[in-house]
Amino acid sequence: MSDPSPVRPAVPVLDVWCELQCPDCRGALDDVRALRARYGDRLELRLRHFPLEKHKHSFAAAQAAEEALEQGRGWEFVEAVLGRVEELDRAGEPFLVEVARELGLDAEEFDTALIDGRHILIVDADQAEGKAIGVSGTPTYVIDGERLDGGKSQDGLRERIEQIADRLLAAQE
């Protein structure tokens, strides 16, 4: 038996390769917020982890972001940490647990997740995929197979992402 209802196409995906100890990623927050506000659920924004070796807390921060996502507040956690990069630089993992507590997340579970490493494979897989497609710094965006590097400058990137997203959405209509 066939289902006569039309199949709704999948929404376009924007991968945001990010590092939570990166000042350039903090600078990109306004663009990410604007894209989320403009497109809502018509564009899937996926946080992809690309911890940089020069930032000693970036790998733990990526794992913490995965725990926040698991607890239903991933983007809120990412924005809270990026907004306070200097505190992460100074305090490290205790700061990540404190941010979780401030957001009303289960801080004890955060602490446990950072100790037991339950999200390491996700972070490792993101980083490996990023390297495979040529990501070398953060932020980097990938939409419809096009890689847009934002580490040097965010100028014009949001407009380019919007052009591609609008084209993809128009093609679905």
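Tutor: Let us begin with Glu67, which is buried, with a relative accessible area of 2%. The model is a predicted one. Glu67 counts as buried because that value is under 20%. Glu67 is located in helix α2, which covers residues 58-70. Leaving aside residues up to four places away in sequence, Glu67 touches Glu109, Phe110, Ala113, Arg118 and His119.

Phe110 belongs to the α6 side of a contact in which Glu93, Leu96, Val97, Ala100 and Arg101 of α5 meet Ala107, Phe110, Asp111 and Leu114 of α6. By class, this contact of α5 with α6 comprises six nonpolar, no polar and three charged residues.

How are the two helices arranged? Two packed helices are described by the angle between their axes and the distance between the axes. Here α5 (residues 93-102) packs against α6 (residues 107-116) at an angle of about 150°, and their axes are 8 Å apart. Since angles over 145 degrees count as roughly antiparallel, α5 is therefore roughly antiparallel to α6. The crossing of α5 and α6 is right-handed.

Not counting residues up to four places away in sequence, Leu96 touches Ala60, Ala61, Ala64, Phe77, Val81, Leu88, Phe110 and Leu114. Leu96 is also one of the residues that touch the most other members of the largest nonpolar core, which has 46 residues; the others named are Leu14, Phe77, Tyr141 and Ile143. Another core lies apart from it and has five residues, including Trp17, Phe50, Leu52 and Val135. In soluble globular proteins, nonpolar side chains tend to be buried together.

Most residues other than glycine have a negative phi, and most peptide bonds are trans. Thr138 and Pro139, however, are joined by a cis peptide bond, with omega about -5°. Asp144, although not a glycine, has a positive phi of about 50°. Asp144 sits in the loop between β3 and β4 (146-149). Its relative accessible area is 46%, so Asp144 is partly exposed, whereas Glu67, where we began, is buried.

Technical notes:
Residues numbered from 1 in each chain as written. Predicted model: local features only at pLDDT ≥ 70, side-chain atom pairs only at ≥ 80, totals over all residues. Heavy atoms only, no water. Axes fitted to C-alpha atoms, helices over the stretch in contact; angles between N-to-C directions. Helix = DSSP H or I, 4+ residues; strand = E, 2+ residues; numbered from the N terminus. Parallel < 35°, antiparallel > 145°, perpendicular 65-115°, else oblique. Left-handed = near helix turned anticlockwise from the far one by under 90°. Contact = heavy atoms within 4.5 Å. Nonpolar A, V, L, I, M, F, W, Y, C, P; charged D, E, K, R; others polar. Core = buried A, V, L, I, M, F, W, Y, C linked by side-chain atoms within 4.5 Å. Buried < 20%, exposed > 50% of the residue type's maximum accessible area, 1.4 Å probe, protein only.
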